[in-house]
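Welcome! Please take a moment with the sequence and the model below, and then we will walk through a few places inside it together.

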Amino acid sequence: MNNPQGSVRSINGNLLAVEFEENILQNEVGYVVCGEERLKSEVIRIQDTTAFMQVFESTKGLKVGDPVAFSREMLSVQLGPGLLGQIYDGLQNPLPELASRHGHFLPRGVTLDALDAESKWEFTPLVEPGATVRAGIPLGRVPEGIFTHYIMVPFSLAGEYRVEEIVPAGERRLTDTIAKLKDARGNIHEISMVFEWPVKVPIQTYRQRYAPVEPLTTKVRIIDTFFPVAKGGTYCIPGPFGAGKTVLQQITSRYAEVDIVIIAACGERAGEVVETLREFPEITDPRTGKSLMERTIIICNTSSMPVAAREASVYTAATLGEYYRQMGLHVLLLADSTSRWAQAMREVSGRLEEIPGEEAFPAYLESRIAEFYERAGLVELPFGEKGSLTIGGTVSPAGGNFEEPVTQSTLKVVGAFLGLSRDRANARKFPSIHPLESWSKYPTLVESAQVSRAKNILFQGNEVDQMMKVVGEEGTSLDDFTVYLKAEFLDGVYLQQNGFDEVDAVTSPQRQQYVFGKVFEVLTAAFRFDGKEDARKFFYELRQRFIDWNYAPWESDEFRAQEQKIEEFLRERIVHEESVQ
C-alpha cells in the first residue's frame, strides 16, 4: 500500500498546515518536497483533514501547494553499537560526517544514517537455537570501548519468541542477520545488530522499577554531602547566565561515578556548544586515562537551529540513555538548557493559536517537563542486572528569577534542586550553588543529623550577617559573631572547591566523610576568645589550614601532617566542657 500524500495549505514559520486524504498518525514523520530537497517534519496535531506539522529545518522557499509524503513511521532513532563517541544533531544525523561531506555550512534536507551499516563488530552469541526469548533479552554481545554492548531482542517485539538460528562467534557487519526468531504464529523475524525505536515512547522493557536511593557520587562536596543526587534520580540546576551551569555540568560528567554520559544541548548559544565540542575530546577520562568522548554521546542543537529540533534533541537523548540503561549500565543525561526547549514549545503553541498559560507558555508545559524527567529511573532488567538513567537539566530563568514557570514546573518533578547564585558566582565561589536555597530528597553520604546541624549553622550565620549589615559588627554579641565565623568557615573550606587543582577538584566519598567529620567538630565546638578580633584571626588561620589540607592528596604523608597541625591548632582554643548548641 502506498504511503499517504498531502499538500501544504499554509505556512507559519516552521509550522505547516497540510491537507491530507488517507489516514495518518499522531507524531508521524512526513517529508515536505521542495525541489530536490525533502524536509523532515512531524505531525503534532490532526484536525479533520488538516495535519499541523513542525518542520525540523528552515522553511525558506516553501510555498502553498508543495507536496508532502507521509512515512507511516514515528520520529525514531537507530539503536546499536557505534553510538558512543558520536556527535549528533537532534534528529541523530552525525554532524562530523555531515561536515566532512558538505562543509561546515550544512545544507538543508540532508540526512545520514546514524550508524555505519558497513562497520564490523566482533559478535559473540549468548543464546542457542531452541531458546525462548522476549524483548530486551540479549542474543549476543560485542565489545564497544570498555563496555559490553548487548545485542538485544528489539523492544518492539511483544510476546515470546523461539530462537531458530543464531550465527556463531565472529566478525559481523552491523546490518548482517545475526539471529532468526519465530513468533507464536510461526512468522520468522530476522534480527540484526541495529533497530529503530520512536523517541517519544519510553523504553519500558524491564522487570521492576525501584525508588532511587543509592547516592550518585559526583566528587563535588556541596552536592554529595548537602544536596545529593541518586542513581536513577532527577535534579535541576537553575541559574542566571554566567553562574557556572555549563562548567558544573562538565565537572559532573567527568567525575561522576557513571558509565555513560549523554549531553543534550537543546537550544544553548552556539558559543557554549562549540566550547563543549572542543573541550570534551581533550578531557582525559579519570577512569580509563583516554578521551572522555569514548563514553560520551553529544546531541547538539544550538539556538540558531530551528526551534522544532530542540524538542527532538531532548527526546533523542532520553532514548539513547534508556537504550544503554537496558544493558545494565548507569547513564547520566545532562540537558542544557530545558528553558530553551520550553521557549520552543511556547513558540509552536503560539503558532497553533492555543490558549496560553503563565507568561504565554502552553498550558501543558508542566506535563511535558514531567514526562521528560519521568524517563529517569533505576530498573531491574529482564536478565537480572540493574541499570539506571539519571537526568539532570539546567534551567536558564530570565534574570535568575526562580519563580518563573519553567523553573517552578521543574521543581515539582525533580528530586534535587541545585540553585546557582549570581552573587556567589561574582564572588568567585565555585560551585556557586546557593546553600540556603538548594535542597535534595535523596540520602546523603554522611550522617544526616550532622548535615542538618551544619545547615542550621549556615542559616544562623546568614541571619547574623544580615543583622550586622543593619547594626554593624559592634551591635552583635561575641557568641553571634562566632556563629557567623563558623558559617563562613564551613562555606570557605567545604562548600567551595578549586576546580583547577587536581586534588581539590575531586573529593572521594571516603575523604568527604572524613573531612566533614573534622569540619563538624569545629562547628559544634566551644572556643575561648578574647574578643571579636581574636575570633576573626583564629578562624582566618584555621580556614587557611583546612584549605591547605584540601590540597593534600588523600591519606598521604602530607595529608596526615597537615591534619596534625590542625588538631594542635584547635587544641589550644577549644573549651572542652560543653559544645555550643
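Are phenylalanine 546 and tryptophan 549 buried or exposed? Both phenylalanine 546 and tryptophan 549 are buried. Keep in mind that this is a predicted model.

**Aromatic pairs**

Across the whole structure, a search finds 33 aromatic pairs. One of them joins tryptophan 341 and phenylalanine 372, in an edge-to-face arrangement. This pair links distant parts of the chain, since tryptophan 341 sits in helix α6 (residues 338-351) and phenylalanine 372 in helix α7 (residues 365-373), 31 residues apart. Tryptophan 341 counts as buried because its relative accessibility is 0%, and phenylalanine 372 is buried too, with a relative accessible area of 1%.

Phenylalanine 546 and tryptophan 549 bring us back to our opening question. Their planes lie at 75°, so this pair is edge-to-face. The two residues are three apart in helix α13, which means that about one helical turn separates them. Here are the two pairs:

| Pair | Centre to centre | Angle between planes |
|---|---|---|
| Tryptophan 341 and phenylalanine 372 | 5.7 Å | 75° |
| Phenylalanine 546 and tryptophan 549 | 5.6 Å | 75° |

Ring pairs also link a cluster, whose members include Phe546, Trp549, Tyr514, Trp554 and Phe569.

**Helix α12**

Helix α12 covers residues 509-524, 16 residues in all. From first C-alpha to last it reaches 22 Å, close to the 22 Å expected at 1.5 Å a residue. Its buried residues include Val515, Phe516, Val519, Phe520 and Leu523. What do the buried residues of α12 pack against? Their partners are α2 (221-226), α10 (448-471), α11 (478-495), β27 (526-527), α13 (532-550) and α14 (557-571).

**Tyrosine 150**

Now turn to strand β12 (residues 147-152), where you will find tyrosine 150. Tyrosine 150 counts as buried because its relative accessibility is 15%. Leaving aside residues up to four places away in sequence, tyrosine 150 touches Leu126, Pro138, Gly140, Arg141, Tyr323, Met327, Phe383 and Glu385. Between tyrosine 150 and tryptophan 554 there are 37 Å in space, C-alpha to C-alpha, and they are 404 residues apart in sequence.

**Cavities**

How many cavities of 30 Å³ or more does a search of the whole structure find? There are three.

Among the residues lining the second largest cavity are Glu144, Phe147, Asp285 and Arg295. That lining has two nonpolar, three polar and four charged residues.

Terms used. Residues are numbered from 1 along each chain as its sequence is written. This is a predicted model: local features need pLDDT of at least 70, side-chain atom pairs count only at pLDDT 80 or more; totals for chains, interfaces and linings use all residues. Side-chain values use heavy atoms; hydrogens and water are left out. Helices (H or I, at least four residues) and strands (E, at least two) are DSSP runs, numbered from the N terminus. Buried means under 20% relative accessible area, exposed over 50%, partly exposed in between (1.4 Å probe, protein chains only). Contact means heavy atoms within 4.5 Å. The expected span of a helix is 1.5 Å times one less than its number of residues. On a 1 Å grid over the protein atoms alone, a cavity is a set of points where a 1.4 Å probe fits but cannot get out, and a pocket is an open set with protein on both sides within 12 Å along at least five of seven lines; lining residues have an atom within 4 Å of a point. Grid points are joined across faces, edges and corners, and a volume is the space filled by probe spheres set on the points. Ala, Val, Leu, Ile, Met, Phe, Trp, Tyr, Cys and Pro count as nonpolar, Asp, Glu, Lys and Arg as charged, and the others, Gly among them, as polar. Rings of Phe, Tyr and Trp (its six-membered ring) pair if their centres lie within 6.5 Å; planes under 30 degrees apart count as stacked, over 60 as edge-to-face and the rest as tilted.
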